[in-house]
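Subject: The model, and what turned up in it

Hi,

Here is the structure I promised to pass on. Have a look at it first, then read on for my notes.

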Amino acid sequence: MGEARNNEDLTVRYAFIQCFFWMMYGGAIGFVSLYLLDCGFSNTQIGMLIAAAGFFSAILQPVIAGYADKEKSPSLKILLILFLIIQVALSLLLLAAFHKSVFLTGGVYALSLMIMQMLIPLVNALGMESINQKKKLNFGVARGTGSLGYALVVYVVGIVAGKAGAVAIPAALLLVSALLLAGLFFFPFQKTSRHVSEAPQKEKGNPFLFFKKYPRFCVTLTGCVLVYISHVLLNSFTFQIVQEKGGTSAEMGTAMAMASLFELPTMFLFAFMLKKVRCDIWFRISGIFFFLKTLGTLLAPNILSFYAVQVFQMLGWALITVSSVYYVNAIMEKQDAIKGQAYMTMTYTLGSVAGALIGGALIDGMGVVSMLIFATVSAAAGMGIMLFMAQRAK
């Protein structure tokens with residue numbers, strides 16, 4: 001398909017990509033505990049597996065982003081297509097290996113999670129690059145469609161898995177990853193010629209020079225890691241939390257779907273919100289609501305109150321997801337944009353590593369409540385750093 005004209009609105013096509021990406025990611029991370037517990041893993045082992053996926057993803061994200069930033073590298077679209085072909089193959093293997101080999105199942109699942117986390121900055125940069133080229137694209141609406149897809153997949157898979165078993169999870173991953181791959185072929189994209197000087201080129205691939213250039217950004221990322229630890233503890237061990245509140249996999253799917261639906265108003269209206277308040281302020285506010293959701297989860301006495309707590313998702317995860325992309329784009333020079341997105345996404349993967357290791361061990365050793373207390377303290381610390389260290393957007 002030919003390249004899009006500058007006046008063509010790419011929101012629908014990009015929304016298709018965001019929708020199926022977050023359906024794929026939701027199916028994988030949302031049901032990781034349910035799937036691996038069914039395959040014979042302990043909570044601690046599940047935490048170690050998620051942590052391994054996050055660790056290697058955190059290492060590779062800035063490397064891939066630095067490569068993508070180079071003038072002679074393939075376009076983001078080509079890189080995404082290549083990774084998605086691998087993901088489709090992994091989904092097939094995960095389906096074929098179900099209940100046949102614990103070692104193979106764990107390894108393939110970890111590799112699949114790693115690739116999905118590596119794709120997040122590339123998917124975000126695909127949209128922002130189009131916006132920077134002055135093409136019509138509403139990122140918030142597209143990302144909101146992603147949350148709608150996430151809500152749909154976790155609700156449906158939660159019900160199906162309750163009836164058909166955990167095999168529904170790799171089957172769903174195969175379907176949505178294939179649809180995402182198809183959607184990428186129909187998205188028109190042209191790599192921007194950045195025309196940067198030799199000095200910025202030397203900074204590519206060197207994190208020390210990058211953070212010397214953006215010192216407050218480095219500290220702010222630490223705050224993001226801490227709030228993401230709390231988020232990962234809630235998301236990766238949702239099944240255990242729901243069981244503690246008196247629910248099953250069906251209630252887990254319902255709670256996750258509710259959280260995703262609460263994201264929609266923020267994401268669909270963020271372009272309007274951005275006209276009223278700077279993106280860095282919205283970014284700071286998101287830290288407050290991460291803390292409120294984690295505290296609310298700790299204090300919720302039953303499944304109904306746990307459902308009610310999901311409303312904090314509206315200005316927590318939903319807000320940081322869109323505001324952080326605009327925030328990075330606003331404070332970075334053009335030649336650093338993709339790398340900045342990668343470092344921001346890397347905070348989530350680092351949070352995944354720490355949260356997964358700590359969460360699994362805390363649940364096995366001290367129980368779900370102790371894990372939630374730790375998550376609340378982590379969210380409070382991250383909130384404080386984000387409030388005071390995030391810099392004013394240009």
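A definition to begin with: rings of Phe, Tyr and Trp (its six-membered ring) count as a pair if their centres lie within 6.5 Å, and planes under 30 degrees apart make the pair stacked, over 60 edge-to-face, and the rest tilted. Also, this is a predicted model, where local features need pLDDT of at least 70 and side-chain atom pairs count only at pLDDT 80 or more, while totals for chains, interfaces and linings use all residues. Residues are numbered from 1 along each chain as its sequence is written, and side-chain values use heavy atoms, with hydrogens and water left out.

**Aromatics**

By that ring rule there are 23 aromatic pairs. One of them is phenylalanine 21 with tyrosine 25, a stacked pair at 6.2 Å centre to centre and 20° between the planes. These two residues are about one helical turn apart, because they sit four residues from each other in helix H1 (residues 11-29); helices here are DSSP runs of H or I with at least four residues, and strands are runs of E with at least two, numbered from the N terminus. Both phenylalanine 21 and tyrosine 25 are buried, where buried means under 20% relative accessible area, exposed over 50% and partly exposed in between (1.4 Å probe, protein chains only).

Phenylalanine 210 and phenylalanine 211 make an edge-to-face pair, because their ring centres are 5.3 Å apart and their planes lie at 80°. Phenylalanine 210 has a relative accessible area of 1%, so it is buried.

Back to phenylalanine 21 and tyrosine 25: one aromatic cluster is formed by Phe21, Trp22, Tyr25, Tyr228, Phe290, Trp317 and Tyr348. Tryptophan 22 also has the charged end of arginine 143 over its ring, 4.0 Å from the centre. For a charge to sit over a ring, NZ of Lys or CZ of Arg must be within 6 Å of the ring centre and within 35 degrees of the ring normal.

**Cavities**

How many cavities of 30 Å³ or more are there? The count comes to five. A cavity is a set of points, on a 1 Å grid over the protein atoms alone, where a 1.4 Å probe fits but cannot get out, and lining residues have an atom within 4 Å of a point. Grid points are joined across faces, edges and corners, and the volume is the space filled by probe spheres set on the points.

The largest cavity holds about 210 Å³ of space. It is lined by 21 residues, and those closest to its centre are Asn235, Met256, Ala259, Lys293 and Gln313. H1, helix H10 (215-236), helix H11 (238-245), helix H12 (249-276) and H13 each give at least two residues to that lining, with H12 supplying the largest share, five residues. By type, the lining of the largest cavity has twelve nonpolar, seven polar and two charged residues; Ala, Val, Leu, Ile, Met, Phe, Trp, Tyr, Cys and Pro count as nonpolar, Asp, Glu, Lys and Arg as charged, and the others, Gly among them, as polar.

The second largest cavity comes in at about 160 Å³. Of its 13 lining residues, Ile120, Asn124, Tyr228, Ser324 and Thr345 are the closest to its centre. Helix H5 (102-132), helix H15 (317-331) and helix H16 (337-365) are the elements that give two or more residues to this lining. It divides into seven nonpolar, five polar and one charged residue. Tyr228, one of those closest to the centre of the second largest cavity, is also in the aromatic cluster.

**A few single residues**

Glutamine 117 is in helix H5 and is buried, with a relative accessible area of 1%. Contact means heavy atoms within 4.5 Å; leaving out residues up to four places away in sequence, glutamine 117 touches Tyr25, Ala53, Gly54, Ser57, Gln61, Thr345, Thr349 and Ser352.

Serine 286 belongs to helix H13 (residues 279-299) and counts as buried, at 0% relative accessibility. Among its contacts beyond four places in sequence are Leu315, Leu319 and Met386.

Over to you!

How values were computed. On a 1 Å grid over the protein atoms alone, a cavity is a set of points where a 1.4 Å probe fits but cannot get out, and a pocket is an open set with protein on both sides within 12 Å along at least five of seven lines; lining residues have an atom within 4 Å of a point.
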